[in-house]
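Dear colleague,

Please find below the structure that I am handing over to you. My notes on what was found in it follow.

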Amino acid sequence: MLYCFIKYLLSTGGLPVRKYDMTKFDVTGMSCAACSAAVERAVNSVDGVTSCQVSLLTNSMNVEGTAASEDIIRAVESAGYGANVKGSAAPAASASEDTSKPIVYRLTASIVFTLMLMYLSMGHMMWGFPVPSFFEGNHIAIALAELLLSAIVMVINGRFFINGVKGILHRAPNMDTLVAMGSFASFAWSTYALFMMTDPTLTHEYMHELYFESAAMILTLITVGKLLESVSKGKTTDALKGLMELAPKSACVIRDGREQIIPAEEVVRGDVFIVRPGESIPADGIVREGESAVNEAALTGESIPADKAVGDKVSAATINQTGTITCEATGVGEDTALARIIQMVTDAAATKAPIARIADKIAGIFVPTVVVIALITVIVWLLCGAGMSYALARGISVLVISCPCALGLATPVAIMVGSGVGAKNGILFKNAEALERAGQTQIAVLDKTGTVTSGEPEVTDIIPVGMTEGELMGIVCTLEHMSEHPLAKAVMREGERRGTVIGKAEGFAVLPGNGITAVIDGHTVLGGSMRSIGSRCDISAHTERCGQLSDEGKTPLLFARDGVLIGIIAAADRIRDDSADAVRQMHDMGMSVVMLTGDNERTAKVIGDMAGVDEVIAGVLPDGKELVVRKLSAVGRTAMVGDGINDAPALTRADTGIAIGTGTDIAIDSADVVLMRSTLSDVAAAIRLSRATIRNIKQDLFWAFIYNIIGIPLAAGVWIPIFGLKLEPMFGALAMSLSSFCVVSNALRLNLADIHRGYAHRDRVDVSSAAEELRRELAETTSPGYDIVADIEGMMCEHCEKRVRKAIMALDGVESAVTDYKAGTASVKLSGAVTDDAIISAVTEAGYTVKAIHR
């Protein structure tokens, strides 16, 4: 019912909905940020498109809206590029593919001919290197050879000219346009100088005006940069490629009663497969036979193997280590956890962080601006009296040193590397915006059950009276093993851990007032709450101790034999081992921490004090969590951490929703960040990774901006009159080549980041007044207005409350429910017709008894 409530809220706009569903396209022909900006402009102009994000790194595009795919593809083609719906044709080359081989071939050929050209133009002309006799003193022959060699290099690198001309024709000039213009200008002027050299009186004057080597060297050095960029971009997806390589190649399935080895991609849902020690699990599934330890480090980052038994879930690409297990496939192909992780990392890389917007805006006008600056540079130098070749060299330097690529790559490469580092550590960001927003968190809101605590009761204290712990556990386990109560299961788990032998019990029965009884070895044994056992035997000597346990947030269970108390066992939802340290890390990072729970205030306060949180807000209904997050978001940037269905509205409302990976599907779907491990310290790690990534992006953007701010005036010759600094075109091309390489290399440093250590002291946001106001508001809104109050027998702890509440909330027509095990009541608010019989049936199936219903 709550699921329907949440779905209704999301569909009616009651909560801010984050939609990640979109049409994905592969885009071909892009070479720089100006290209991606041109594609975005073209697609955004299509009717029905509400959002378009183009990734230069992955050569992909995500489009939201109602526009037809054909119209979108037509718009991309009109801008001079190619596109197809992802998966419908051969995909465009991306950073995850090997795109460096064609560049290597092109570069090798370019270097061979450029070296020959440089030998003639500089080695012979400047340093007197020997040349064949027919070149001796024949400057025109040397110039013709230079023309031929430079033309060969230009043909080898013809893609720059083809793409550059396309950009001009489609009024979307790009980096290739700048390179082509610079190289062609050098070649054209040199060709003009060659013709002038045919006049014997002008030969010596114009032989120094040849720039054929610049035309070729510009293209060769830019290609060097492209190769470095390609290799570096490939390294940004090492984590993603590592995940892809984890996918097993084959599977051993049972078909027609016999084992068959088939390709892993042919496994279908419902297939039964066998995994032996050392083998990789081929699909997500459920263990049907056998026990083993499974290494899940590839998916969760957890190095300690997880024990698996019948009924447990296993994931594809994890490694079976000890025993042979037989499993039934529940998720195959794109439905496996591994496939979802790969898709999530890929999607994150294909989206844009808000911090990239300024770079995108500049990239859209960058190339035309640079062309104008280059023209102005040439004109100004000519007006200042410089020769045409000198002025042209300054303009060419401006063209080839300007680099829109560094601007375009600064954000996506860091996002890709950051997402990959997160995936290796079991932290998944759904998009780039989530990766940026997580690092801005000022307030962390933690759901108690299943997040701060383990979510299951555990035995915390064993207090025998007149016998040993072992003797007490033997009697208690014999009594409790027939009960389905959550606390009975906790006792049985403790007994199993201790190796307790279960005896024979006769006449098992449930007693009125939260108790059970059975005859064990001829003795009548009772077990239950203080009220139940206290009404049947004298417990006065232990009342104070039971009160202490209750004050500590624990539930005391008392046991008596033949009317005499024989011991007390306390159980509680134990705080996770790393919760206190995780909260300390968040404090060190400048975050205030608030814990939410539907439990009573006393129990919640005990857990909150143990975890060290700043504020505890107890007695919060599912819809109340969304209210709390909304109020706290007004105080500071808020991250909500939860794992249950009732956390989904709050996860959606928060600035950043963080779901524990072992939580419910709806919680994971509602979140921006998914933690594959149920480890609260990963919240701090995710925020630390986000901050490191954004810091890296800012460094890259700073370098990209400062490079162009310094480089363009230097190339234009602004500093020549003052400092005598002059930049030749070929050195400008070298600088352009290295700029993108530096940006990508800096992003790769994120692979070295230790996201589980380090902190930065920041001033924390004060949430005390907001928390106090919320407590008052919640008290006013949750106390009155219930349609039904049911008297329920059998509830003994907050786990009983949760179990009864869950059973009632599952009924159609129930809007909310509050349970109180101390009062023995369930208060229900209705949104539709619910019969008394329906409530009685639901509570009875949960293992409790309805004594009366008041409307």
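Axes here are lines fitted to C-alpha atoms, for helices over the stretch in contact, and angles run from 0 to 180 degrees between N-to-C directions. Helices (H or I, at least four residues) and strands (E, at least two) are DSSP runs, numbered from the N terminus. This is a predicted model, in which local features need pLDDT of at least 70 and side-chain atom pairs count only at pLDDT 80 or more, while totals for chains, interfaces and linings use all residues. Residues are numbered from 1 along each chain as its sequence is written, and side-chain values use heavy atoms, with hydrogens and water left out.

Overall composition

The protein has 32 helices and 30 strands. Of its 855 residues, 55% are buried (under 20% relative accessible area, with exposed meaning over 50% and partly exposed in between; 1.4 Å probe, protein chains only). Among contacts (heavy atoms within 4.5 Å) with a separation of 6 or more, 70% join residues 24 or more positions apart.

Helix α5 and its surroundings

The axes of α5 and helix α7 (residues 175–197) come within 10 Å and cross at roughly 160°. This makes α5 roughly antiparallel to α7, a term used for angles over 145 degrees. The crossing is left-handed, meaning that the near helix is turned anticlockwise from the far one by less than a right angle, whereas clockwise would be right-handed. From α5, the residues in contact include Leu144, Leu147 and Ala151, and from α7 they include Phe184, Phe187 and Leu194. The contact comprises 10 nonpolar, 4 polar and no charged residues (Ala, Val, Leu, Ile, Met, Phe, Trp, Tyr, Cys and Pro count as nonpolar, Asp, Glu, Lys and Arg as charged, and the others, Gly among them, as polar).

Alanine 151 lies in α5, which spans residues 139–156, and is partly exposed because its relative accessibility is 24%. Its C-alpha is 9.8 Å from that of phenylalanine 113, 38 residues away in sequence. Asparagine 157 belongs to the loop between α5 and α6 (158–169). With 0% relative accessibility, asparagine 157 counts as buried. Leaving out residues up to four places away in sequence, asparagine 157 touches Arg106, Ser110, Leu219 and Thr223.

Nonpolar cores

A nonpolar core is a set of buried Ala, Val, Leu, Ile, Met, Phe, Trp, Tyr and Cys residues joined through side-chain atoms within 4.5 Å. The largest holds 140 residues, of which Val39, Val43, Met61, Tyr81, Leu446 and Met586 touch the most other members. Helix α27 (residues 681–716) contributes the most to this core, with 15 residues. A second, separate core has 47 residues, including Met473, Ala505, Met795 and Val828.

Helices α14 and α27

The axes of helix α14 (residues 388–401) and α27 come within 7 Å and cross at roughly 165°. α14 is therefore roughly antiparallel to α27, and their crossing is right-handed. By class, the contact of α14 with α27 has 6 nonpolar, 3 polar and 1 charged residues.

Two aspartates with positive phi

Most residues other than glycine have a negative phi. Aspartate 256 has a positive phi of about 55°; this residue sits in the loop between β5 (250–255) and β6 (258–263) and is exposed, at 76% relative accessibility. Aspartate 562 also has a positive phi, near 55°. The loop between β20 (555–561) and β21 (564–575) contains aspartate 562, which is partly exposed at 45% relative accessibility.

With kind regards

Terms used: Angles under 35 degrees count as roughly parallel, over 145 as roughly antiparallel, 65 to 115 as roughly perpendicular and the rest as oblique.
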